[in-house]
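Keep the viewer open and follow along.

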Amino acid sequence: MNAKRSRLSRSSDFQRIYRQGSSTASRHLVLYAFKRAQGAPAEGPRLGLSVSKKLGGAVVRNRVKRLLREAFAAHEPHVSREYDVVFIARPQVLELVARQQEGEKGLVTAAVRDLLERAGLLAGSPSEPSS
RNA sequence: GGGGCAAGCCAGGUGGCCGCGUCGGCCCCGCGUCUCCCGUCUCCACGGAGCGGGCGAGGCAGCCGUCGAGGAAAGUCCGGACACCGCAGAGCAGGGCGCUGGAUAACGUCCAGCCGGCGAAAGCCGAGGGAAAGCGCAACAGAGAGCAGACCGCCAGCGGCCCCUUCGGGGGUGCGGGCAAGGGUGAAACGGUGGGGUAAGAGCCCACCAGCGGUCUGGCGACAGGCCGGCUCGGCAAGCCCCGCCCGGUGCAAGGCCAAAUAGGGGAGCGUUCGAGGGCUGCUCGUCCGAGGCUCCCGGGUUCCGGCCGCUAGAGCCGCCCGGCAACGGGCGGCCGAGAUGGAUGGUCACCCACGACAGGAUCCGGCUUACGGCUUGCUACUGUG
RNA sequence: UGGCGAGUGGCCUAACUGGCAAGGCACCUGACUCUGGAUCAGGGGAUUGAAGGUUCGAGUCCUUCCUCGCCAG
């Protein structure tokens, strides 16, 4: 799990995923997913995060991104490895973050798993070389 | 004890497991070098050539170690450093600042003091030069608002009319006259209070106060205090302005370098005429570049996509000593405390004080302002008890 | 991150050198009409983004803050 490789960095990557990928949404999050080209090195799913300034200051946005990264890392071994994934945080995640701050566990992780399941990206076994 | 005020400090802690970024080391991987060293390696025409290791620069994963957001990192309100702009010169324009003296790289900041205001005090606040250089503003109200002015009012004498008369005069009314104390308007009415004076009054005269001018003393100075004089209109320069001081523009997306592709291009030198046009700050002066020509050299950063540098050791922090009321400066010793690039500090478990506020670096510093939890110390007034 | 700009009734705009915040659309009431629209008459509605300061007086001048928008990767 090399974190640097599995991050999305280029603006063009984001643009391609938004245009050509499929989207799934819930109250809290929007998920975009896109299957990479054949030649691209497939070492695992790549993650991109988008947290708008409307959600709050830098502290709030960092907190949301950290929780989303942590939640995605929990499911990363089970996600199809040739996909690029972008999560967009909606303002409603703030209530999840607030409740988690109060002591409730796993709310963000559950929200991430819900979207990954509905997008069909969660494979039963982590190793399935079907490309 | 609960208020008020000032100064300083902390920014949850410790441990276990998983996870992230920087730097260093080990291992691994190819690359380069045989101009340096090693080899009982290979070839040889004996000059050398090659191979392996050392060595050098680098890469990704793993392991180990290391360090890893703030007092405001924020707002971007000021000031600098640094970088580039044909080195940025003079004048005007423009902008900023404005009690005094210091501090500083600089400031609109800080320190000490002066004056004014608020407060019972501790203390806090103040863009606080100039209105006898000039222009300008003051709506409404009010008689009068910038050369002041007379509505109500006060006043004696004279003339007209009316009434009364003890024939001396008295009263009323109107016009002209004197006055500015009182009423009234206003944010502001040409010094204030008291006394004398007067027909009524007025700095008309006097005392005190405020203000003005002069002078003496103290202070570097802002200014303070004393004395004397003549008696006296102000407000607004966060209106234009005057005076003094300061300011070139753009900003790390500054700017520099590298690899690949494609069209264009760029630089240096020479240079006849015209000297268009342009740059240097908006203008002027001044100054510089300057197309079209020739020669030589080179890749550049305009467009698309990348990498590296700039990039963190600095007007730095801590301790002691010295100078200074202090801000601060000097000396000695010690320390290294983020450097990311879709952007790193999180998750979970346990315990403790007790549910931890505001809040996250992006070139770097010095401030200001705003947001906000807690602790300690000192000062001041009040209340209760002894 | 750096550099700019703007906030006035529900909406769109005015307010000159500081001096009673004006107008249009919209809204309400009435008239006209069988009813509605249109038209006519009348009316209400503003802490001028917020807080301080200068001034007798601030939408206007000054300072700080808030919100929104724009430009540059």
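**Around helix H4**

Helix H2 (residues 58–75) packs against helix H4 (residues 107–118) at an angle of about 55 degrees, and their axes are 9 Å apart. Because angles from 65 to 115 degrees count as roughly perpendicular and those under 35 as roughly parallel, that makes H2 oblique to H4. The crossing of the two is right-handed. Bear in mind that this is a predicted model.

Who touches whom? On the H2 side you'll find Leu67, Leu68, Ala71, Phe72 and His75, and they meet Val108, Thr109, Val112, Arg113 and Leu116 of H4. Sorted by class, that contact has seven nonpolar, two polar and one charged residues.

Now look at H3 (93–102). H3 and H4 pack at an angle of about 140 degrees, again with axes 9 Å apart, and the pair is therefore oblique too. Here Leu96, Arg99 and Gln100 in H3 meet Leu107, Val108 and Ala111 in H4. By class, this contact has four nonpolar, one polar and one charged residues.

What about H4 itself? H4 has twelve residues and runs 17 Å from its first C-alpha to its last, close to the 16 Å expected at 1.5 Å a residue. Leu107, Val108, Ala111, Val112, Leu115 and Leu116 in H4 are buried. The cover over these buried residues includes H2 and H3, along with strands S1 (22–25), S2 (29–35) and S4 (83–89). Just past the end of H4, check Gly120: its phi is positive, at about 75 degrees.

Key: Residues are numbered from 1 along each chain as its sequence is written. Chains are lettered from A and ligands numbered from 1 in the order in which they are written. This is a predicted model: local features need pLDDT of at least 70, side-chain atom pairs count only at pLDDT 80 or more; totals for chains, interfaces and linings use all residues. Side-chain values use heavy atoms; hydrogens and water are left out. Axes are lines fitted to C-alpha atoms, for helices over the stretch in contact, and angles run from 0 to 180 degrees between N-to-C directions. Helices (H or I, at least four residues) and strands (E, at least two) are DSSP runs, numbered from the N terminus. Angles under 35 degrees count as roughly parallel, over 145 as roughly antiparallel, 65 to 115 as roughly perpendicular and the rest as oblique. A crossing is left-handed if the near helix is turned anticlockwise from the far one by less than a right angle, and right-handed if clockwise. Contact means heavy atoms within 4.5 Å. Ala, Val, Leu, Ile, Met, Phe, Trp, Tyr, Cys and Pro count as nonpolar, Asp, Glu, Lys and Arg as charged, and the others, Gly among them, as polar. The expected span of a helix is 1.5 Å times one less than its number of residues. Buried means under 20% relative accessible area, exposed over 50%, partly exposed in between (1.4 Å probe, protein chains only).
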